Amino acid sequence: MLKPSENLIDCPHKSHYSLVVAVAKQARKISQEAEENHVILDEKPVEIAVRDFREHKCLIKEPEDAVI
């Protein structure tokens, strides 16, 4: 199981929860797009999603009034 540390992903997020949810949503999107286009992925969607955040291809949007 891939357990990325928050330190590995250098993006401004306020909580570990928001990071996990964002990676999960991106992984689901990657998986659905691959299925729709009949593409077989060499890597797990979560690994691709983590790389997307690490390379700043995706960002986490949080509301301004979020409670920490």
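## Ground rules

Contact here means heavy atoms within 4.5 Å. This is a predicted model, in which local features need pLDDT of at least 70 and side-chain atom pairs count only at pLDDT 80 or more, while totals for chains, interfaces and linings use all residues. Residues are numbered from 1 along each chain as its sequence is written, and side-chain values use heavy atoms, with hydrogens and water left out.

Let's begin with one residue. Ala 27 touches Pro 45, Val 46 and Ala 49, once residues up to four places away in sequence are set aside. Ala 27 itself sits in helix H1; helices (H or I, at least four residues) and strands (E, at least two) are DSSP runs, numbered from the N terminus.

Is Ala 27 buried or exposed? Its relative accessible area is 6%, so Ala 27 is buried. The classes are buried under 20% relative accessible area, exposed over 50% and partly exposed in between, using a 1.4 Å probe and protein chains only. Glu 47 is 20 residues from Ala 27 along the chain, and their C-alpha atoms are separated by 8.0 Å.

## The overall picture

Stepping back, the protein has 2 helices and 0 strands. Of its 68 residues, 26% are buried. Among contacts with a separation of 6 or more, 56% are between residues 24 or more positions apart.

## How the two helices meet

H1 and H2 pack with their axes 8 Å apart, at an angle of about 120°. That makes H1 oblique to H2. The axes are lines fitted to C-alpha atoms, for helices over the stretch in contact, and angles run from 0 to 180 degrees between N-to-C directions. Angles under 35 degrees count as roughly parallel, over 145 as roughly antiparallel, 65 to 115 as roughly perpendicular, and the rest as oblique.

Which residues form this contact? From H1 come Ala 22, Val 23, Gln 26, Ala 27, Ile 30 and Ser 31, and they meet Pro 45, Val 46, Ile 48, Ala 49, Val 50, Asp 52 and Phe 53 in H2. The residues of the contact divide into 10 nonpolar, 2 polar and 1 charged. Here Ala, Val, Leu, Ile, Met, Phe, Trp, Tyr, Cys and Pro count as nonpolar, Asp, Glu, Lys and Arg as charged, and the others, Gly among them, as polar. On the H2 side, the buried residues are Ile 48, Ala 49, Val 50, Asp 52 and Phe 53, and the buried residues of H2 pack against H1.

## The nonpolar core

The largest nonpolar core has 11 residues: Leu 19, Ala 22, Val 23, Ala 27, Ile 30, Ile 48, Ala 49, Val 50, Phe 53, Cys 58 and Ile 60. Helix H1 (16-36) and helix H2 (45-54) each supply at least two of its residues, and the largest share, 5 residues, comes from H1. A nonpolar core is a set of buried Ala, Val, Leu, Ile, Met, Phe, Trp, Tyr and Cys residues joined through side-chain atoms within 4.5 Å.

## Two histidines with positive phi

Most residues other than glycine have a negative phi. His 38, in the loop between H1 and H2, has a positive phi of about 55° although it is not a glycine. With 73% relative accessibility, His 38 counts as exposed.

Where is His 56? His 56 lies in the segment after H2, and its phi is also positive, at about 60°. His 56 counts as partly exposed, at 44% relative accessibility.
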